[in-house]
Amino acid sequence: MADTSNSTTTSIPTDEALGLDGLDAGREDLALDLPGGAPATLTAPLSGASVPDGGSPVGSAPAQHGLNAHSHGAGVPATNRAERRTSFDVADFPVPSGREEDWRFTPIERARDLFEPAGASVSGLRVEVSTADGVTHRRGSSDASAGKGFVPGDRAAAVAWADAASAGAVDVVDIAAEADLAEPVLVRVASDAPRSAGHLVVRAGAYSRATVVLDHSGSGHVGSGVEAVVGEGAHLVVVSVHQWEDDAVHLAQHDLLVGRDATVKHVVVTLGGSLVRVGSTVRYAGPGGDATLLGVYFSDAGQHLEHRSFVDHEAANCRSNVTYKGALQGETARAVWVGDVLIRASALGTDTYELNRNLVLTDGARADSVPNLEIETGEIVGAGHASATGRFDDEQLFYLQSRGIPEDQARRMVVRAFFADVLQQIGVRSITDQLMAAIEAELELADGSGDEGDLPVVADGVEAELAGARL
Amino acid sequence: MSTDTSPQTPAELNDIEARNPELVGLGTYQYGWADPDAAGETARRGLSEDVVRDISARKSEPEWMLRMRLKALKMFGRKPMPDWGSDLSEIDFENIKYFVKSTEKQATSWDELPADIKNTYDRLGIPEAEKQRLVAGVAAQYESEVVYHQINEELERQGVIFLDTDSGLREHPELFQEYFGSVIPPGDNKFAALNTAVWSGGSFIYVPPGVHVEIPLQAYFRINTENMGQFERTLIIADEGSYVHYVEGCTAPIYKSDSLHSAVVEIVVKKNARVRYTTIQNWSNNVYNLVTKRATAAEGATMEWIDGNIGSKVTMKYPAIFLMGEHAKGETLSIAFAGEGQHQDAGAKMVHAAPHTSSSIISKSVARGGGRSSYRGLVQVLEGAGHSASTVRCDALLVDSISRSDTYPYVDVREDDVSMGHEATVSKVSEDQLFYLMSRGMAEDEAMAMIVRGFIEPIARELPMEYALELNRLIELQMEGAVG
């Protein structure tokens with residue numbers, strides 16, 4: 001649409017030539033063409049913050065929230081991130097057009113079908129749970145405990161919720177109070193149907209300690225929800241590994257409800273799939289909660305990997321720490337990270353930090369990184385975020401080569417060092433090993449060379465040195 | 001400023017004044033007086049095609065400008081209000097006076113001005129600055145039109161044009177046809193459309209190739225009428241290899257109902273030229289300040305925005321730089337101070353449209369007394385703008401527990417060979433710092449003000465001296481009553 005518009009005014013190749021929609025001179029006719037005219041035509045208002053989103057006739061506003069769902073009169077902006085609509089009813093969410101703040105990065109044409117409930121034609125995700133003492137698993141079309149710590153935040157999640165119920169794919173994994181599990185609970189999640197859905201509830205009883213690993217594989221279009229309800233003083237690690245086939249599309253929402261003085265670590269590992277989008281939300285049920293969100297992703301040619309997180313600090317004296325790191329290689333490899341943190345007026349003593357780093361290994365890849373921070377009280381321990389996207393560092397490479405390390409090995413070392421700290425934080429040995437191997441495999445895929453054998457002894461020291469280096 | 005409502009006793013006030021003689025008389029919003037308002041009383045309220053035609057006719061504008069105004073008016077009607085940022089629902093466009101003429105002709109010497117206007121600017125310190133030759137040229141806009149204008153003879157000889165925008169259009173129509181609306185088209189956003197429809201006054205600057213204007217050009221904007229809308233329009237063209245620094249300040253009286261300030265500033269920085277644009281915005285607490293500012297920087301050019309937002313009820317302002325040529329450079333330094341009842345939604349926008357361009361944004365914001373300061377920015381790297389680099393640094397300081405600070409740093413990168421960095425911190429004034437300063441004999445509010453001044457110092461030192469002093473004074477004022 002935008003391509004057909006004419007710029008009426010002169011000179012600088014601002015609007016159409018650049019695809020910038022904040023500058024929509026001459027587009028007033030187009031604006032009229034839009035159904036209903038009014039609020040849908042969100043032209044970017046003041047120059048500075050208009051967020052051009054290539055090709056759409058109207059700029060999308062840079063708002064975090066869009067219109068307040070309960071707005072008093074038109075055009076009253078929502079005042080914080082928590083006011084964004086959540087609902088179990090699919091009808092409460094319009095079908096995304098791709099212009100919404102929430103969807104503007106996502107190639108929604110790949111996921112169109114996941115915006116409409118599939119009814120009887122949807123398959124349940126196959127779920128196998130390795131049970132142990134203190135762990136129980138049940139499955140059905142509904143469960144009283146589902147939805148206690150979860151509410152869909154977008155249309156895809158509401159559709160997945162409805163589909164999981166129709167397919168009888170609501171799984172509940174209970175970890176008994178005070179259980180201390182030596183081994184991770186392995187949850188194998190597989191899809192082999194064209195369209196499948198599932199909802200998984202993990203309930204960690206008070207003072208329990210457990211690690212739950214979700215391993216996603218297969219293909220097809222998948223909508224899923226995960227909710228972790230972490231009891232008082234419990235310690236839960238949830239690892240979600242996405243190793244889909246190349247054609248898979250997966251839209252997921254993970255909600256964590258962190259109990260009083262509980263500790264939760266949520267790890268998202270995304271390697272395979274055509275489009276994988278995981279939104280994680282953290283809420284605190286009481287004071288003293290501690291949430292660590294970690295992410296590792298590797299985007300190859302044609303892949304779109306999107307991670308969004310929202311930490312809602314409402315209780316006092318809670319901590320959150322978000323670290324997502326990703327590498328990209330190949331034409332049209334895409335990665336998106338959006339990290340929202342809200343510190344409400346009641347959340348005194350909050351300590352939060354968010355970090356996103358992207359390492360672009362080859363030409364043609366693109367990473368978007370958007371950290372947002374809203375703070376409604378000054379009585380906090382600290383808050384901050386940092387994000388960076390950078391190229392492979394030629395200086396590091398040169399340094400390593402000057403120490404006699406061949407280029408391809410040196411490249412791998414730099415990538416390993418890049419991921420080293422986040423891998424260390426995951427703390428689940430089997431996952432870390434698997435991940436390291438997967439990253440190695442990705443890199444071999446890239447340079448086309450086989451195994452180079454063991455790295456020279458010098459590698460360890462240099463690797464440690466590089467781990468501390470700025471990207 | 002919020003000091004008119006902040007809880008403080010006369011004793012406390014006297015104490016502060018005793019220690020800081022330069023602050024005497026600053027106990028309330030210093031610029032809050034109102035002059036007799038004969039012009040404003042007769043001005044029309046509301047917006048219609050007639051109003052626009054009337055403005056254009058009074059200025060005897062060329063036909064193309066009238067057409068552009070009318071077109072922009074239509075766009076204004078069609079465009080929705082922003083659904084993000086601040087709550088603008090209380091702006092009553094029908095109650096606003098879109099054009100208020102305060103004097104019959106423009107004065108070239110200070111004494112020609114009507115006494116009340118002259119008084120106002122004397123109190124603001126404008127002729128003082130001119131006398132001291134701290135500024136090369138001065139323009140003063142009162143209500144809708146520029147009432148006083150002076151430019152250094154030396155500059156005139158070099159071919160520098162510094163006029164109010166109305167005169168600029170009359171005297172240099174060819175430059176206006178080429179550049180007016182070229183950086184910010186009429187339909188850019190609702191408020192740019194409004195400005196294009198009813199604009200009046202502002203500054204027009206042209207700096208010929210190679211000319212360096214060594215001392216700043218200065219403009220001062222003043223709203224006097226209640227419910228007034230001030231829509232100044234500024235156009236700056238820095239030709240190849242030139243340099244100019246433009247400084248503007250703004251004030252308004254305190255009325256019961258709100259006024260609207262919606263300016264458009266367009267800057268064209270040509271090859272290897274450099275423009276620095278400094279604003280210290282100190283509108284009274286009943287002004288909606290919704291401003292569109294944008295510059296284009298050609299090959300090797302440098303554009304710098306220094307943007308201080310201290311006053312107003314609501315400010316939504318994101319100065320933008322479009323880096324259009326190779327090795328163009330953009331820099332924005334932004335300070336926002338949100339006191340009670342204020343929302344400063346400020347930031348910056350950088351668009352990298354050519355390779356090897358670089359940009360940096362440094363934002364410092366302070367919120368107190370329940371005020372809200374937001375950094376909202378966009379860094380965009382378009383396809384073809386490889387080897388570009390950008391850093392964004394946002395620091396926020398909260399001095400109490402009821403204030404709010406937000407950071408929304410948008411990044412949109414469509415090219416792979418770039419380096420992007422963003423960092424933000426939010427901190428509270430530390431007990432340790434306060435304790436240390438107080439142990440050295442400082443009162444708590446003094447110590448607090450000193451910490452805040454230290455926090456914004458990296459930006460304050462970029463300001464011309466008298467503005468840095470002014471800023472420090474304003475901070476001091478804002479911080480009064482912040483303690484206890």
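**Close-up views of a predicted two-chain model**

**View 1. Helix 12 of chain B bends along its length.** A kink of about 35° lies at G454(B), shortly before the proline P458(B); the bend at a residue is the angle between axes fitted to the seven residues ending there and the seven starting there. Helices (H or I, at least four residues) and strands (E, at least two) are DSSP runs, numbered from the N terminus. This is a predicted model, in which local features need pLDDT of at least 70, side-chain atom pairs count only at pLDDT 80 or more, and totals for chains, interfaces and linings use all residues. Residues are numbered from 1 along each chain as its sequence is written, and chains are lettered from A and ligands numbered from 1 in the order in which they are written.

**View 2. Helix 12 of chain B packs against strands and helices of chain B.** Its buried residues include M448(B), V452(B), F455(B) and I456(B); a residue is buried if 20 or more other C-beta atoms, placed from the backbone, lie within 10 Å of its own. The partners are strand 16 (329–338), strand 18 (358–367), strand 20 (389–398), helix 11 (431–439) and helix 13 (465–479); contact requires C-beta atoms, placed from the backbone, within 7 Å.

**View 3. Helix 3 of chain A is largely enclosed by the rest of the structure, because 11 of its 12 residues are buried.** Among them are R155(A), W161(A) and D163(A). The buried residues pack against strand 4 (170–175), strand 6 (195–204), strand 8 (221–230) and strand 10 (249–258) of chain A. Just after the helix, G168(A) has a positive phi of about 65°.

**View 4. Domain 1 (3–392) and domain 2 (393–471) make up the division of chain A.** The contact takes 23 residues from domain 1 and 17 residues from domain 2. On the domain 1 side, strands that each supply at least two residues include strand 7 (209–218), strand 13 (290–299) and strand 19 (382–391). The residues of this side divide into 15 nonpolar, four polar and four charged. Here Ala, Val, Leu, Ile, Met, Phe, Trp, Tyr, Cys and Pro count as nonpolar, Asp, Glu, Lys and Arg as charged, and the others, Gly among them, as polar. The domain bounds come from an automatic or database domain assignment.

Conventions: Two residues are in contact if their C-beta atoms, placed from the backbone, lie within 7 Å.
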